[in-house]
Amino acid sequence: MSLELSIVMPCLNEAETIAACIEKAQTFMLENNIEGEVVIGDNGSTDGSQVIARKLGAIVVNVKKKGYGNASRGAIEASKGKYIITADTDDSHDILNLKLFIENLRSGFDLVMGNRFKGENKKDSMPFLHRYVGNPILTFIGNLFFRTNLGDFHCGLRGFTREAYNKMDLSTPGMEFASEIIVKASLFNLKITEVPTTVFPSGRNRKAHLRTFPDGWRHLRFLLLYSPKWLFLIPGFICMLIGMIGALYILFGSDSTNLKWIPLFSGLFLISFQFVVFYALTKIYATNHGLIPRRKSYNKLFVYFTLERGLILGFLFTLFGGFLYYLGFEKGIESMENMLKIIIPSIVIAVLGIQIILFSFFFSILGLKEEK
């Protein structure tokens with residue numbers, strides 16, 4: 001018999017609350033005539049959580065690899081429902097009220113996110129730093145980087161289709177799994193919406209598994225690594241523009257006292273070029289390994305930019321820089337002004353040429369797969 005819904009929950013020592021969570025999930029499906037199952041991804045509990053879950057009729061999957069993401073994926077991959085809703089086992093999610101999630105999944109949305117800020121605001125349901133600092137900042141960054149329009153990037157209560165899960169190819173082991181779902185859904189242009197949900201104070205007495213600063217950093221790191229444009233390209237272009245404008249202003253300006261800044265602006269320009277190079281290489285690597293979807297323009301990149309063209313361009317830059325360097329010494333380097341205005345720019349141009357040559361070789365190596 002095919003199932004419509006799998007309610008999936010990762011678990012690590014949640015004996016205090018797991019029974020309540022399972023019973024609420026089963027009650028929701030019974031009251032709404034939904035054929036479904038409850039699947040627990042147990043991450044090595046030592047307090048008897050597995051026994052409680054099995055007695056209540058839940059399917060328990062033993063997941064050896066530690067981490068929220070590993071436990072969640074283990075349970076999802078063992079589930080059979082057409083739709084999947086994930087929830088925590090600390091009794092903080094409103095599992096009795098999942099109707100909006102199901103309705104939106106049935107209507108064609110691939111991912112339905114819960115928004116805790118649009119639901120009822122229960123006292124002590126979220127730590128102050130999470131509610132007013134961490135979550136808003138990470139949600140803003142996530143929306144900016146991946147062009148989503150969500151109000152709560154990290155609500156653990158979310159639903160998605162089996163087809164969407166297979167397409168997203170999720171892989172992160174820890175708490176950043178919550179971010180990965182949205183990022184991958186956005187990158188693959190899946191249909192995303194959000195619905196209000198209420199979050200309650202945790203029903204457990206022990207300390208939560210979530211660590212504010214380490215797990216917050218894991219989320220931020222993941223967002224940055226999956227958006228090389230914001231990590232490398234945009235900072236690179238900004239620094240390149242500053243370095244170029246600053247150097248040109250000093251070189252052609254009349255105030256010789258500013259010449260001391262030429263090495264700084266020149267160095268900034270070379271560093272910024274490295275940022276742009278890293279963006280290109282990261283983008284190619286991520287695409288080749290399926291971390292981000294392959295765009296139509298991707299294959300054209302290897303047609304327009306070849307190893308031979310890169311080598312010629314780099315060689316011309318290096319030759320021109322060497323020629324300027326030679327002219328600088330021909331005119332003499334007695335004055336510091338001549339040294340700064342001619343010698344340093346010539347070195348920058350020559351180094352830039354060498355970097356283009358090295359980049360071309362690396363680019364070509366990464367593109368070998370496309371040439372077959």
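Where is the place of Asp 91? I looked it up in this predicted model. Asp 91 sits in the loop between β4 (81–86) and α4 (99–106).

**Entry: two aspartates**

I checked the backbone angle of Asp 91 next. Its phi is near 65 degrees, a positive value in a residue that is not glycine. I noted the general rule beside it. Most residues other than glycine have a negative phi.

Is Asp 91 buried or exposed? I found a relative accessible area of 18%. The cut-off for buried is under 20%, so Asp 91 counts as buried.

Then I turned to Asp 169. Asp 169 also is not a glycine, and it has a positive phi of about 50 degrees. I located Asp 169 in the loop between α6 (162–168) and α7.

I followed one pair in detail. Strand β2 (residues 36–42) runs parallel to β3, and four bridges join them. I picked out Ile 40, whose bridge partner in β3 is Val 60.

**Entry: helix α9**

I compared the span of α9 with its expected span. The helix has 24 residues. From its first C-alpha to its last it reaches 33 Å, close to the 34 Å expected at 1.5 Å a residue.

I then listed buried residues in α9. Among them are Pro 228, Phe 232, Leu 233, Met 240 and Ile 250. Gly 236, Gly 243 and Gly 246 are buried as well.

**Entry: the second largest pocket**

How much space lies in the second largest pocket? I noted about 730 Å³. The lining has 32 residues, and the closest to the centre are Arg 147, Leu 187, Lys 283, Ile 292 and Arg 295.

I asked what elements contribute. Those giving two or more residues to this lining include α5 (128–146), β7 (192–196), α9 (228–251) and α13 (336–366). The largest share, five residues, comes from α10.

Last, I sorted the lining by class. I recorded 19 nonpolar, eight polar and five charged residues.

Methods. Residues numbered from 1 in each chain as written. Predicted model: local features only at pLDDT ≥ 70, side-chain atom pairs only at ≥ 80, totals over all residues. Heavy atoms only, no water. 1 Å grid on protein atoms, 1.4 Å probe; cavity = no way out; pocket = protein on both sides within 12 Å on 5 of 7 lines; lining within 4 Å. Points joined across faces, edges and corners; volume = space filled by probe spheres on them. Nonpolar A, V, L, I, M, F, W, Y, C, P; charged D, E, K, R; others polar. Expected span 1.5 Å × (residues − 1). Buried < 20%, exposed > 50% of the residue type's maximum accessible area, 1.4 Å probe, protein only. Pairing = 2+ DSSP bridges.
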